[in-house]
Amino acid sequence: MSATLVSLLGCCQRSSRVLVVKRSMGFKPVGWPPVQRSVLLFLSQRFYDFEVVFKWIAWMKLRRLQTTNAYYSYTAGLYGPNVAAAYYALCLKGGLRFVGQSNWFRVDQRGKLDWDFLTYRDKQLEEVDMSHTLINHTGLSNLAGQQSLRTMSFRGCSEVDDWFLARLHLFQDSLKELDISYCPRITTGGLVALRNLKGLQRLNISGLPSISTPGLVTILLEEMLPECEIIASGYDHSLDPEGGQEKSSQG
């Protein structure tokens, strides 16, 4: 449960205790409207009920994340690893393109699949766009066998973290373009793992909120990946002339 909710419910508990004490001592509650007193007393009496509910919601969210990113072994056994990888990407509402094909496969606005991708069981994926999906490092197992992947986009993925970046070495022989911009859980330490992607030609690290020194990180990546174009927009790359440290975007 979040600290804000705990603080709110704690405040409600203290307020309700004050009301009970004042009432027992004969004080007439002044300044507290009846509806507000009722809400405070209700929240106080149901504090642990709310705690259980929020723990259950958190567990359900984790369970859903694990189920979504589980390995699609049944599909792989039935249709092969290429179709299984495509099905996984589409189930997460991502997009994909097979080798030698120009058309992209995506779910429509109603979330329905175009089942024509089943006819490409002998072709591997060349591009995947998993932007704004719930893909995590476990889910990468579904794409691990795709040795022709040249372009991968994980823009704005909330579950992409340093562990995720460490597993991208699975595609080091084919990957040319990578977009990990606006992923809130990526840190400087995770970006170091990208040194294994020697064939990378384009890398987008724009808008990573956990990167405190984007200019220095960009320099580090350019040294690790000299043949790669580093895109790092949305930062203030200016340096403080006195301390030699980067200025934050807020001054």
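Let me begin with cysteine 157, which at 0% relative accessibility counts as buried, where buried means under 20% relative accessible area and exposed over 50%, with partly exposed in between, using a 1.4 Å probe and protein chains only. Please keep in mind that this is a predicted model, in which local features need pLDDT of at least 70 and side-chain atom pairs count only at pLDDT 80 or more, while totals for chains, interfaces and linings use all residues. Residues are numbered from 1 along each chain as its sequence is written, and side-chain values use heavy atoms, with hydrogens and water left out.

Turning to the strands (DSSP runs of E, at least two residues, numbered from the N terminus, while helices are runs of H or I, at least four residues), strand 2, residues 125-129, has five of its five residues buried. Strand 2 pairs with strand 1, residues 95-98, in the antiparallel sense over four bridges, where pairing requires that DSSP finds at least two bridges between two strands. Arginine 97 has glutamate 127 in strand 2 as its bridge partner. With strand 3, residues 151-153, strand 2 pairs in the parallel sense over three bridges, and there valine 128 is partnered by methionine 152 of strand 3.

Finally, tyrosine 74, in helix 4 (residues 73-79), is exposed, with a relative accessible area of 65%.
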